[in-house]
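Hi,

Here is the structure I said I'd pass on to you. Have a look at it first, and then read on for what I found in it.

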Amino acid sequence: MPKVSVIIPVYNAEKYLHECLDSVINQTLKEIEIICINDGSTDKTIDILNEYASTDNRIIILSQVNKGGGAARNAGLEIAKGIYIAFLDSDDFFDLQALEKAYVKIINDNADIVVFNCMTYNNDNKEYGNAPWIFVKKYFPQNIPFSYHDTKDYIFNLFSSTVWNKLYNREMIIKSGIRFQEIKRTNDLYFAYIALINARNITVLDDILVFYRKNTQHNSQSTNHETPFDFYYAMNAVKDELNKIGVYDELERSYLNRLLESSIYTLLSLKERKSFVLLYKKIKEIILVELDIENRPENYFHDIYNYH
């Protein structure tokens, strides 16, 4: 049984795949399996995957028609055998000690999830930058490890909804039955947040262990205008699950703060007027009204900018 299964959805990633895979096969933690899901690529992606698999028997290749990152990760979860699960996008890359450090931390703290820090990598000018949205330290509870019970007002505001800066206990995933939504964008938000609720313990590792590549053609953030409501569908699914398990009321403040932040972020990221207008109307006429956000007092909101 490998210590960690690394699940990598891959779509037309020939420009970045070598750097991504090199960062995984050269990890200091050697007892890993590397599950690459070719999500209907039309470039030389499959050739690169086969090239690496021919020299490293830890690499497993799955292929499917193009269904998106959520479906690809779900396919990887179905066959993963590792004690822990890591995710990586095919245009990003790990620090070479990432998995070993995360593995040691999650064991030492007896946690179901360890969250580690990140830097951005600008694909245009090759410069590195900070990513403060990954690790919002001002909201961290005093005692770590922790569970959502220790930070009910902030549980969805502590970290980004990405999954590639976290290591997960596979047994926890199996028992909770969590899977990724199969939507075009934000398909990891539901998984990331419901996992936080199911985790017995969550710990953090303030080391830069993963690098998020910016300014790429296939980066989902560059195509927000194509599906501007996906974040809302994801947040709705989170709310439905929280209601189902009977914890929405106690987590509502954190949830609404996160929804407001996501609404503003997505609105300001849109590159086309039509999408901007559609989302603006939805926020103003539905999101703010249905959830009674406008009538909350100022001190209900974590970020005064979002409130205004």
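Let's start with Thr186, which sits in the loop between α5 (170–176) and α6 (189–198). Before I go further, please keep in mind that this is a predicted model. Thr186 isn't a glycine, yet its phi is positive, at about 55°. That stands out because most residues other than glycine have a negative phi. Is Thr186 buried or exposed? Its relative accessibility is 15%, so Thr186 counts as buried.

You'll find Asn12 in the loop that runs between β1 (4–10) and α1 (17–25). With a relative accessible area of 13%, which is under the 20% cut-off, Asn12 is buried.

The backbone has another thing to show you, this time at a peptide bond. Most peptide bonds are trans. Ile144 and Pro145, though, are joined by a cis one, with omega at about 5°. Pro145 belongs to the loop between β7 (128–130) and β8 (166–169).

**The whole protein**

Stepping back, you can count 10 helices and 9 strands in the protein. The radius of gyration is 19 Å, close to the 19 Å that the globule rule gives for 308 residues, so the protein is as compact as a globular protein of that length. If you box in the C-alpha atoms along the principal axes, you get roughly 60 × 45 × 35 Å.

How much of the protein is buried? The share is 58% of the 308 residues. As for contacts with a separation of 6 or more, 78% of them are between residues 24 or more positions apart. On the charge side there are 34 positive and 42 negative charges, and their mean positions lie 1 Å apart.

**The core**

The largest nonpolar core takes in 103 residues. Which residues have the most contacts inside it? They are Val4, Ile8, Ile155, Phe159, Tyr168 and Leu242. Helix α6 gives the most to this core, with 9 residues.

**Helix by helix**

Helix α3 covers residues 69–79, and Glu78 is part of it. Glu78 is exposed, at 57% relative accessible area. By contrast, Gly70, Ala71, Ala72, Arg73, Asn74, Gly76 and Leu77 of α3 are buried. What do the buried residues of α3 pack against? Their partners are β1, β2 (32–39), β3 (59–64), β4 (84–87), α5 and α6. Glu78 and Asn165 are 87 residues apart along the chain, and 21 Å separates their C-alpha atoms.

In α5, take a look at Lys175. Its relative accessibility of 67% is over the 50% cut-off, so Lys175 counts as exposed. Asn198 is 23 residues away from Lys175 in sequence, with 9.2 Å between their C-alpha atoms.

Lys105 is in helix α4, which spans residues 98–108. It is partly exposed, with a relative accessible area of 24%. Not counting residues up to four places away in sequence, Lys105 touches Val114, Thr203, Val204 and Leu205. From Lys105 to Met119 there are 14 residues in sequence and 20 Å in space, C-alpha to C-alpha.

Lastly, there's Arg253 in helix α8 (residues 248–269). Leaving out neighbours within four places in sequence, Arg253 is in contact with Asp153 and Tyr154, and also with Asn299, Tyr300, Phe301 and His302. Ile8 is 245 residues from Arg253 along the chain, and the C-alpha atoms of the two are separated by 33 Å.

That's my tour. Enjoy looking around!

Cheers

Terms used:
Residues numbered from 1 in each chain as written. Predicted model: local features only at pLDDT ≥ 70, side-chain atom pairs only at ≥ 80, totals over all residues. Heavy atoms only, no water. Helix = DSSP H or I, 4+ residues; strand = E, 2+ residues; numbered from the N terminus. Rg over C-alpha atoms; globule rule 2.2 N^0.38 Å. Buried < 20%, exposed > 50% of the residue type's maximum accessible area, 1.4 Å probe, protein only. Contact = heavy atoms within 4.5 Å. Lys, Arg positive; Asp, Glu negative; His and termini not counted. Charge placed at Lys NZ, Arg CZ, Asp CG, Glu CD. Core = buried A, V, L, I, M, F, W, Y, C linked by side-chain atoms within 4.5 Å.
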